[in-house]
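Hello,

Here is the structure I promised to pass on. My notes on what turned up in it follow below.

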Amino acid sequence: MILSSGFMLENRANEIDELRQRQLYLSNQLASEQKRAELLELEKLGTTPNFWDDQAKAQSVMGRAAAIRDNIEAFEQLTASFDDLEVAHELSLAEDDIDLAAEVDSEIKRLDRQISDLEILTWFDDELDSEDAIVTITPGQGGLEAQDWTGMLFRMYQKYADRRGWKITVHDAPAGEAIGLDRAVFTVSGPNAYGMLRSEVGTHRLVRISPTDIKKRRQTTFAGVSILPVLPDDIEVDIKDEDIRIDVFRSSGPGGQSVNTTDSAVRITHVPSGIVVTCQNEKSQLKNKESAFSILKARLYEEEKARRDAEIEELRGPKTSIAWGTQIRNYVLYPFQLVKDVRTGLEKGNVDAVLDGDIDDFVVTFHQWRAKQSSDT
């Protein structure tokens, strides 16, 4: 039945049942009796004498317990939501209530998204997926335009983090020569931030009318995105004092202009590997130094992992040039409007919304695609 408002009143029982089946599958993955028993053991362990003597181990145990507890609570909330949804759906049909039917439609969409988010948790296969993420955005081909594109991507991820309730800590974001950013390095803190953001590793390609070209010609620009996990305290990386050089200098760029007028910025060079890390967005030299060491630790861990198992793509994807033919996603602003993920084939026509942080569909679809790729091999 289609009522005067244009909304269709229809039986949604099959859709609800499909969602319910997906929810029941999650119960075995996230809220099984085994998971509940593990939670009880972890909580019991937390009450033992001298538990906090080893801070790193204790925090790891409590973090594991919190993750299991959150998953169980999320599953139980889903169960309650389905009970309410089924009652509302039956009532909307019995009473021909178009307003209630609209609420049912909205709730189906909400539950679909929530289940998709929880399904992603079952696809994470890296031991560090639950950790925070260190994101680095680097300009590629395109000159000054690439620096502007770097700034646009930085804003996109800031907005995405806001949508998810994640926190961003900026470490280094110096201004470009004329527009945009020379680079952006920041940490994203939130549940499964590293696991989720692994979808963004690679080259991002922008096609638009150049804002700096007086002839208004079309410009193709590239920027590379690297994602590393923030390593927990119980993972040790040997950094010898004699292998590093620490330089301090005055902060500059968008953050540095108002940070202070002292030498608070820190640059750490790991001489054997050639890795250079710069942090300058904190007012305190000590905090910048701590952040720089955290990033250096993650990068050295990445290199060591690559040497051990020859699978560096598990942390940041295959190393390629930031140029033609290497992109994972295209953002086209001209001559038409389209964002397309090259790997999954997902397309979105509302480019402005994507650049404003609406990238959840791309993130979720990537993990669905990756899970299928793994199951097919």
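In what order do the 3 strands of the open sheet stand, and is their pairing parallel or antiparallel? The order is β6-β7-β8, and the pairing is antiparallel. Before going further, please keep in mind that this is a predicted model, in which local features need pLDDT of at least 70 and side-chain atom pairs count only at pLDDT 80 or more, while totals for chains, interfaces and linings use all residues. Residues are numbered from 1 along each chain as its sequence is written, and side-chain values use heavy atoms, with hydrogens and water left out.

Back to that sheet. Its edge strands, each pairing on one side only, are β6 (244-249) and β8 (275-279). Strands here are DSSP runs of E with at least two residues, and helices are runs of H or I with at least four, numbered from the N terminus; two strands pair if DSSP finds at least two bridges between them. On average, neighbouring strands of this sheet are turned by 15° against each other, direction ignored. β6 and β7 (residues 265-270) pair over 6 bridges in the antiparallel sense, and D247 stands opposite R267 in β7.

T269 also lies in β7. T269 has a relative accessible area of 9% and is therefore buried (under 20% relative accessible area, with a 1.4 Å probe and protein chains only). Leaving aside residues up to four places away in sequence, T269 touches D243, I244, R245, I275 and V276; contact means heavy atoms within 4.5 Å.

There is also an open sheet of 8 strands, in the order β2-β3-β1-β5-β4-β9-β10-β11, with mixed pairing. Its edge strands are β2 (167-172) and β11 (347-348). Within it, β4 (residues 202-209) and β5 (residues 218-229) run antiparallel and are joined by 8 bridges, with L206 opposite T221 in β5. Helix α5 (residues 144-164) packs on the sheet, and its direction makes about 50° with that of β5.

Now for a helix pair. The axes of α1 (residues 13-30) and α3 (residues 55-95) come within 10 Å and cross at roughly 160°. Axes are lines fitted to C-alpha atoms, for helices over the stretch in contact, and angles run from 0 to 180 degrees between N-to-C directions. The two helices are therefore roughly antiparallel (an angle over 145 degrees). Among the residues making the contact are I16 and L19 of α1 and F75 and F82 of α3.

Happy browsing, and do write back with any questions!

Methods: Angles under 35 degrees count as roughly parallel, over 145 as roughly antiparallel, 65 to 115 as roughly perpendicular and the rest as oblique. Buried means under 20% relative accessible area, exposed over 50%, partly exposed in between (1.4 Å probe, protein chains only).
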